[in-house]
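Good morning, and thank you for coming. Today I shall present one structure and the contacts between its side chains.

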Amino acid sequence: MSNAVSGLPVGRGLGCLIVAGAVWGTAGAAASLVGRTSDMGPVALSFWRCAAGLLLLLAVRALRRTPGPADRDPLGRRIVRGAATGLGLAVFQAAYFAAVPATGLAVATVVTLGTGPVLVALAARLVLAERLGRGGAVAVAGALLGLGVVVLGGAGATVRPWGVLLAVLSAAGQCAMTLLTRRDGVTDASAAAVATFAGASLWLLPLALTAGLLPRIAEPGPFLLLFAYLATVPTALAYTLYFAGAAVVRSTTVAVIMLLEPVGATVLGFAVFGERLTVVTLTGIGLMLASVAGLARAETRESPQG
């Protein structure tokens, strides 16, 4: 797909993805703090996160008052695209949250995030004819090794097959969302995020109703502040940046850059929550950052617009 579809240079697209991945690293901490101020479950939180992100972006687009390029697309095409990418996002979130209690946080995280780049690399080769190359394969392997070191290093992890299958399903949802964005292109990143949030909200609503949609809030002030941050920064802003970057950057590079999420979460845990950074953890972070830098360099070198 040509980069001209979005009009965004590859270098800027990489910047959007790096910011999105880093910001997503704060979402886990924010969600954890939301859980301390209410009894909101993970599925309900996913639904309200998508619904709030949708309302925020709709408000921004209404204030802008100028139709974007995507507004000229046929309505049916926008509905189908939003339903498809929204299903990918809903599966990604719901299956991951189900995998965590089934096999533990560490294993669920490393399988979901580690399987993602592999699935994307294989699917992008078959569906989009994107070639990874030897250097790209080495970078992906280094990123996955680093992820395993960061998440599993020093942890007494228990692997349960059902939880692993759910984590792989979560990775498949992320893979589908990435490939659909790359294949169809994005003429308006905020419109793509709006369509995806609308689709994901509709897919998640039945699950949220079953699990309990309305939480009991123990501390309304902190809850509202934390949820406002969660809906605004790692949701509305980050997904808009993600769709802008994913349209012009190779799919496998997108998946590897998204591994910055656990890096950001690890650094945040050290800076805010006083968690220890061991030599093993720092080694894993270094491997992941080196792999992201290597793929980003290759991406800009191979692109005429880099």
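**Side-chain contacts in a predicted model**

I begin with Tyr242 and Phe243, which are both buried; buried means under 20% relative accessible area, exposed over 50%, and partly exposed in between, with a 1.4 Å probe and protein chains only.

A word on the source. This is a predicted model, in which local features need pLDDT of at least 70 and side-chain atom pairs count only at pLDDT 80 or more, while totals for chains, interfaces and linings use all residues. Residues are numbered from 1 along each chain as its sequence is written, and side-chain values use heavy atoms, with hydrogens and water left out.

Let us turn to the aromatic rings. Rings of Phe, Tyr and Trp (its six-membered ring) pair if their centres lie within 6.5 Å; planes under 30 degrees apart count as stacked, over 60 as edge-to-face, and the rest as tilted. Across the whole structure, a search finds eight aromatic pairs. One of them joins Phe47 and Trp48 edge-to-face, with 5.0 Å from centre to centre and 70 degrees between the planes. Phe47 counts as buried because its relative accessibility is 9%, whereas Trp48, at 28%, counts as partly exposed. Tyr242 and Phe243 also form an edge-to-face pair, at 5.2 Å centre to centre and 70 degrees between the planes.

Next, where does Leu204 lie? Leu204 is part of helix α8, residues 189–211; helices (H or I, at least four residues) and strands (E, at least two) are DSSP runs, numbered from the N terminus. With a relative accessible area of 1%, Leu204 is buried. Neighbours within four places in sequence aside, Leu204 is in contact (heavy atoms within 4.5 Å) with Ser46, Phe47, Cys50, Ala90 and Ala94. Leu204 and Cys50 are 154 residues apart in sequence, yet 9.1 Å apart in space, C-alpha to C-alpha.

Finally, the charged side chains. A salt bridge is a side-chain nitrogen of Lys or Arg within 4 Å of a carboxyl oxygen of Asp or Glu, and by this rule the count is two. In one, Arg216 meets Asp39 at 3.3 Å, N to O. Arg216 lies in the loop between α8 and α9, and Asp39 in the loop between α2 and α3, so the pair ties together parts 177 residues apart in sequence. Arg216 is exposed, at 66% relative accessible area, while Asp39 is partly exposed, at 39%.

A salt bridge also links Arg61 and Asp188, at 3.1 Å, N to O. Here Arg61 counts as buried at 15% relative accessibility, and Asp188 counts as buried at 9%.
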